[in-house]
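Please look over the predicted model shown here, with attention to charged side-chain contacts and strand pairing.

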Amino acid sequence: MAFIVILCWGLTILGVNITTIVASVGILALIVGFSAEGLIADLVTGTFMLLENQYNVGDIVEVNGFRGIVTAIGIRTTCITDTGDNVKIINNSEMKNILNRSDNLSRAVSDISIPYETDVEKLESELPKLLEEIYKAHTDIMQKTPQYLGV
């Protein structure tokens with residue numbers, strides 16, 4: 001700060017009009033500030049996203065209707081890959097209303113239609129065995145046996 005004051009004072013002694021220099025520097029700073037606004041917003045948002053750990057690489061997220069797996073998180077951008085291997089690169093300042101589907105365990109609810117003539121009591125007596133078989137066939141994706149909630 002003292003250097004700037006000494007420089008301005010020295011230029012005034014030499015007869016240079018510093019008012020125009022200060023105005024020019026101010027306009028230049030304004031132009032640079034407006035042009036770097038998006039970059040600065042991306043950097044600040046990216047830093048907060050990394051520090052707050054809202055989502056991580058490998059999480060399934062949905063942003064603005066695009067759903068996929070987070071493949072990279074940077075200071076400026078986040079890369080999300082969908083099931084078709086399409087990669088969407090989103091500026092961190094545009095990462096709003098994020099739905100993180102990996103944050104908690106998911107629950108699947110299935111509605112199964114049965115014909116009217118089905119014997120419901122017989123079906124309900126056989127369902128626990130059927131649900132146990134389904135669980136045993138898919139232990140890689142299920143944590144416990146599916147539950148029958150009723151007709």
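The report below takes up the charged contact and then the strands around it.

In this predicted model, the structure holds one salt bridge, in which the side chains of Arg101 and Glu62 meet at 3.2 Å, taken from N to O. Because Arg101 lies in the loop between strand 5 (99–100) and helix 4 (120–137), whereas Glu62 belongs to strand 1 (residues 60–63), the pair ties together parts that are 39 residues apart in sequence. Side chains of opposite charge can pair when their charged atoms come close.

Strand 1, which holds Glu62, pairs with strand 2 (residues 66–73) in the antiparallel sense, and strand 2 in turn runs antiparallel to strand 3 (residues 77–81). The two pairings are set out here.

| Strand pair | Bridges | Residues standing opposite | Residues between the strands |
|---|---|---|---|
| Strand 1 and strand 2 | four bridges | Val63 and Phe66 | two residues |
| Strand 2 and strand 3 | four bridges | Ile69 and Thr81 | three residues |

Strand 1 and strand 2 form a hairpin, and in its turn Asn64 has a positive phi of about 50°.

Methods:
Residues numbered from 1 in each chain as written. Predicted model: local features only at pLDDT ≥ 70, side-chain atom pairs only at ≥ 80, totals over all residues. Heavy atoms only, no water. Salt bridge = Lys/Arg side-chain N within 4 Å of Asp/Glu carboxyl O. Pairing = 2+ DSSP bridges.
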